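Have a look at the sequence and the model first.

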Amino acid sequence: MFQELHKGSFNIIGRRSNLIKIKFERKKYEKIINNIISMFLGTILSFLLVRVGLIADTQWTLISISLLMIPGIPLVNAFRNLICGHEFNGILQLLNVFLESASLAAGMYFAVILMGGTGAW
């Protein structure tokens, strides 16, 4: 249903962002730097595809990309560790998840500013 509504824009950009992320992971870059770069390139790509006319809306595409890249399993593991009594592990894992999510937001922020700010939406 989602792809029918957005004419496959989620599919195109999501796959490209994941390919970029995988290529950076192979080069053993730091995960936070990897997230910033891959989210930046995915956001730039989505803005360019909107300007070319291949996709209709940037906002839903960027939300879809970021949901694919958010570390969900480590977040669940962090809460599990907190509940099971492993407070130190749980807090460290929550901090790691927070830093990864903040790096995704930073990459998107830099790309939006580069492409013209919030007026480019």
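First, some housekeeping. This is a predicted model, where local features need pLDDT of at least 70, side-chain atom pairs count only at pLDDT 80 or more, and totals for chains, interfaces and linings use all residues. Residues are numbered from 1 along each chain as its sequence is written, and side-chain values use heavy atoms, with hydrogens and water left out.

Helices here are DSSP runs of H or I with at least four residues, numbered from the N terminus. Their axes are lines fitted to C-alpha atoms over the stretch in contact, and angles between N-to-C directions run from 0 to 180 degrees.

| Pair | Angle | Axes |
|---|---|---|
| H5 (residues 72–84) and H6 (residues 87–114) | about 155 degrees | 7 Å apart |
| H3 and H6 | roughly 35 degrees | within 7 Å |
| H3 and H4 (residues 58–69) | about 155 degrees | 10 Å apart |

**H5 and H6**

The angle of about 155 degrees between H5 and H6 makes H5 roughly antiparallel to H6 (angles over 145 degrees count as that). H5 passes H6 in a left-handed crossing, meaning that the near helix is turned anticlockwise from the far one by less than a right angle; clockwise would be right-handed. Contact means heavy atoms within 4.5 Å, and among the residues making it are Pro74, Leu75 and Phe79 of H5 and Ile91, Leu94 and Val97 of H6. The residues of this contact divide into eight nonpolar, five polar and one charged. (Nonpolar covers Ala, Val, Leu, Ile, Met, Phe, Trp, Tyr, Cys and Pro; charged covers Asp, Glu, Lys and Arg; the others, Gly among them, are polar.) Just after H5, glycine 85 takes a positive phi of about 100 degrees.

**H3 and H6**

H3 and H6 make a right-handed crossing. Residues that meet there include Ile36, Phe40 and Phe47 in H3, and Leu104, Met108 and Phe110 in H6. By class, the contact has 13 nonpolar, four polar and two charged residues.

Which residue forms a salt bridge with glutamate 100? Lysine 31 does, with the closest N and O atoms 3.9 Å apart. The rule asks for a side-chain nitrogen of Lys or Arg within 4 Å of a carboxyl oxygen of Asp or Glu, and the count comes to one salt bridge. The pair links distant parts of the chain, with glutamate 100 in H6 and lysine 31 in H3 (residues 31–52), 69 residues apart.

**H3 and H4**

H3 passes H4 in a right-handed crossing. Among the residues that meet are Met39, Thr43 and Val50 in H3, and Thr61, Leu62 and Ile65 in H4. This contact has six nonpolar, seven polar and no charged residues.

Definitions and conventions
Helix = DSSP H or I, 4+ residues; strand = E, 2+ residues; numbered from the N terminus. Parallel < 35°, antiparallel > 145°, perpendicular 65-115°, else oblique.
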